[in-house]
Amino acid sequence: MITDVRATSEYQQPYSTAYEQMLEKVRYEGAYPTRDRAEEAVRLVLAGLGRQLTGDERVDLAARLPLEAARVLTGQIPDTQPLTGWAFVKDLAARAGASQATTRWDTGSVFAAVAAYAGTDLITRILHQLPTGYALLFGQAELNPAM
């Protein structure tokens, strides 16, 4: 039996232009060889972030991301025990079966795109909600309050 390739692609939803642009930004930032590799990073990191964010910050970030990215973020149940930035990277590396260095690279590449969609004010709110270590993952200095 011969199958028509077009028949199966009819039922696949094309990605939105905004999501395609996000993938291209991540591909560029991360110097990934293919868009598929960039998408793997996006899905891994956004799922992890979705397990960390709660409340208004989670809702506001989802509203600013392309729909496909927002679905990955909000498709996760938040963990009851938040992870520090370094523990976040180690957790993602274990889930992906990848090195911590590669996962740290993936996280920075994806968070650069997320920050572009979220804007400075929302990223600041997100960083205030998350434990220490995430500012560096978003490419910002980790500021500690003066004692």
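A nonpolar core is a set of buried Ala, Val, Leu, Ile, Met, Phe, Trp, Tyr and Cys residues joined through side-chain atoms within 4.5 Å. Buried means under 20% relative accessible area, exposed over 50%, and partly exposed in between (1.4 Å probe, protein chains only). The model is predicted: local features need pLDDT of at least 70, side-chain atom pairs count only at pLDDT 80 or more, and totals for chains, interfaces and linings use all residues. Residues are numbered from 1 along each chain as its sequence is written, and side-chain values use heavy atoms, with hydrogens and water left out.

**View 1. The chain has nine helices and zero strands.** Helices (H or I, at least four residues) and strands (E, at least two) are DSSP runs, numbered from the N terminus. Buried residues make up 37% of the 147 residues in the chain. Contact means heavy atoms within 4.5 Å. Of the contacts with a separation of 6 or more, 65% join residues 24 or more positions apart.

**View 2. The largest nonpolar core holds 38 residues.** Met22, Leu46, Leu61, Leu65, Val110, Phe111 and Val114 touch the most other members. Two or more residues each come from helix H2 (17-30), helix H3 (35-50), H4, helix H5 (67-74), helix H6 (85-96), H7, H8 and helix H9 (134-137). H3 gives the most, with eight residues. In soluble globular proteins, nonpolar side chains tend to be buried together. Leaving out residues up to four places away in sequence, Val110 touches Val26, Ala41, Val42, Val45 and Leu46.

**View 3. Helix H7 has 19 residues.** Its first and last C-alpha atoms are 26 Å apart, close to the 27 Å expected at 1.5 Å a residue. That expected span is 1.5 Å times one less than the number of residues. The buried residues of H7 are Thr103, Asp106, Thr107, Gly108, Ser109, Val110, Phe111, Ala113, Val114 and Ala118. Their cover includes H2, H3, H4, H6, H8 and H9. Just after H7, Gly119 takes a positive phi of about 90°.

**View 4. Thr103 sits in helix H7 (residues 100-118).** Thr103 counts as buried because its relative accessibility is 0%. Neighbours within four places in sequence aside, Thr103 is in contact with Val89, Leu92, Ala93 and Ala98.

**View 5. Lys25 of helix H2 touches Ala112, Ala113 and Ala116, not counting residues up to four places away in sequence.** Lys25 counts as partly exposed because its relative accessibility is 28%. Lys25 and Ala112 are 87 residues apart along the chain, yet their C-alpha atoms are separated by 8.6 Å.

**View 6. Helix H4 (residues 55-64) packs with helix H8 (residues 120-129) at an angle of about 145°.** The axes are 10 Å apart. Axes are lines fitted to C-alpha atoms, for helices over the stretch in contact, and angles run from 0 to 180 degrees between N-to-C directions. From H4, Asp56, Glu57, Asp60, Leu61 and Arg64 meet Leu122, Arg125, Ile126 and Gln129 of H8. By class, this contact has three nonpolar, one polar and five charged residues. Here Ala, Val, Leu, Ile, Met, Phe, Trp, Tyr, Cys and Pro count as nonpolar, Asp, Glu, Lys and Arg as charged, and the others, Gly among them, as polar.

**View 7. Ala31 lies in the loop between H2 and H3.** Ala31 has a positive phi of about 55° although it is not a glycine. Most residues other than glycine have a negative phi. Ala31 is exposed, with a relative accessible area of 61%.
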